[in-house]
Amino acid sequence: MRISIVGGGYVGLISSICFAELGHCINLIEIDGRKAEAINSASPPIYEKGLEELLSKHAGRNLTASTNYSGIPESDVTFICVGTPPKSDGSANLSMIESASKSIGLAMRDCDRYHVVTVKSTVPPGTTHNLVMPIVLNESGKGKDKIGFVMNPEFLREGLAIQDFMNPDRIVIGSEDIRGGDIVQSLYYGLEAPIVRTSLTAAETIKYASNAMLATKISFSNEIGNICKKLGVDTYDVMLGVGMDHRISPHFLNSGVGFGGSCFPKDVSALIRLAEAVGEDPILLKSVVEINEKQPMRMVNLLQRRIGDLRERKLQFLAWHSRMIQTMPGNLELYRS
Ligand SMILES: NC(=O)c1ccc[n+]([C@@H]2O[C@H](COP(=O)([O-])OP(=O)(O)OC[C@H]3O[C@@H](n4cnc5c(N)ncnc54)[C@H](O)[C@@H]3O)[C@@H](O)[C@H]2O)c1
């Protein structure tokens, strides 16, 4: 099938390359011309294991990147993969979703065949139905008989993105009309994973709830770890034993410095703001964030107790992913090995 993908960042580029590998023809639309050029010349703008090889295989063949939306009318499905960063109050900034929806709608004006607009970005429940759908329908001048709407969240982990896309635990497809959902489901043909078909809003909520659950496991493990430290017990032994219970699972039970990265902090905050907006007080999620905010200072205090004053001391950090290095504070010399 012909697929347009709007946004060539982590999710957009990895989805593009993996859908190309599954045999589809990809029109990648990336607003940043330098990124689009890099993709076309098969030099990945990000590092992911296996990305360079797959990009060399597909760039210029069944994957082309550009800065314009003119290829959308020839596509069967368009995915929205733009960023949803946090606003200063913690809620999700949907301005990129809005602007991508407008451009998609405008591009659809002269298209008469059925097309499916699919949101892959992580968006607050209700966004596809209440924001994306009206903008696309309004700008295109078309009705729901011509454009289907689907919400298909992405669960990949940076660093293992291609592996995760190709071997998902589940594929979640939220749709209003069966036809749109069926078309998006067919794009994943060849992958072995259970398919979860839901409403648009349930699909959006699955993504937020999943990230909130993982963040909760990390904060829980940190709290247990902090108690263990006081008791003189090895928390890794404790969590090994805890994780063997199949109802709990061994994943995300390591205590340490807390969670970070590009998704968990913003998604948990956005869920808290959303809960408050509908009159709920999400006390558990607020505690998850509070534990996480205090955890890094515990590491500093621990170090100070062990080696004294940290000023003028040389510290070495192990960062397993390039984005972790980008988010580290200044004053760091970088050694790669
Ligand atoms: N990074 C992850 O691990 C991950 C995993 C799952 C879901 N998500 C979600 O997926 C979404 C995208 O995340 P990301 O990490 O890929 O973001 P990103 O910032 O790496 O990429 C977004 C890209 O969209 C481009 N863009 C913005 N507006 C555009 C427009 N109107 N037209 C064309 N291109 C445009 C930007 O230039 C950028 O390259 C977010 O909602 C995020 O929460 C991210």
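Predicted model: local features only at pLDDT ≥ 70, side-chain atom pairs only at ≥ 80, totals over all residues.

Tutor: Let us begin with a term: helices (H or I, at least four residues) and strands (E, at least two) are DSSP runs, numbered from the N terminus.

Student: What is the phi value of A42?

Tutor: Phi of A42 is near 60°, a positive value in a residue other than glycine. S249 also has a positive phi without being glycine, in this case near 75°. S249 is located in the loop between α9 (235-243) and α10.

Student: Is S249 buried, exposed or partly exposed?

Tutor: Buried means under 20% relative accessible area, and exposed means over 50%. S249 has 22% relative accessibility and therefore counts as partly exposed.

Student: How is the chain divided into domains?

Tutor: There are domain 1 (2-198) and domain 2 (208-326). Their centres, taken over C-alpha atoms, are separated by 31 Å.

Student: How is the extent of the interface between two such parts expressed, and what is the value for domain 1 and domain 2?

Tutor: The size of an interface is often given as the accessible area lost when the parts come together. Here domain 1 and domain 2 bury about 1200 Å² between them, with 59% of it on carbon and sulfur atoms. In terms of residues, 18 from domain 1 are in contact with 12 from domain 2.

Student: How many salt bridges and how many residue pairs in polar contact are counted between the domains?

Tutor: The count of salt bridges between domain 1 and domain 2 is zero. Five residue pairs are in polar contact between these domains.

Student: Is G7 buried or exposed?

Tutor: At 9% relative accessibility, G7 counts as buried. G7 lies in the loop between β1 (2-6) and α1 (10-21). Sequence separation and distance in space should be read side by side: G7 and E30 are 23 residues apart in sequence, while their C-alpha atoms are 4.9 Å apart. Beyond four places in sequence, the contacts of G7 include L28, I29, E30, C81 and V82.

Student: Where is N27 found, and is N27 buried or exposed?

Tutor: N27 is part of strand β2 (residues 25-29). With 10% relative accessibility, N27 counts as buried. Leaving aside neighbours within four places, residues in contact with N27 include I3, S4, I5, T64 and S66.

Student: How should I read the salt bridges, and how many does the structure hold?

Tutor: Side chains of opposite charge can pair when their charged atoms come close. The structure holds 14 salt bridges. In one of them, the side chains of R113 and D76 meet at 2.7 Å, N to O. This pair links distant parts of the chain, 37 residues apart: R113 is in the loop between α4 and β5, and D76 is in the loop between β3 (63-66) and β4 (77-80). R113 is partly exposed, with a relative accessible area of 37%.

Student: Which residue meets D182 in a salt bridge?

Tutor: R197 does, at 2.9 Å from N to O. D182 is in helix α7 (residues 178-187) and R197 in strand β8 (residues 195-198), 15 residues apart. D182 is partly exposed at 38%, and R197 is partly exposed at 33%.

Methods: Residues numbered from 1 in each chain as written. Heavy atoms only, no water. Buried < 20%, exposed > 50% of the residue type's maximum accessible area, 1.4 Å probe, protein only. Contact = heavy atoms within 4.5 Å. Domains from an automatic or database assignment. Buried area = accessible area lost by both parts, 1.4 Å probe. Salt bridge = Lys/Arg side-chain N within 4 Å of Asp/Glu carboxyl O. Polar contact = N/O pair within 3.5 Å; in protein donor to acceptor, adjacent residues only side chain to side chain.
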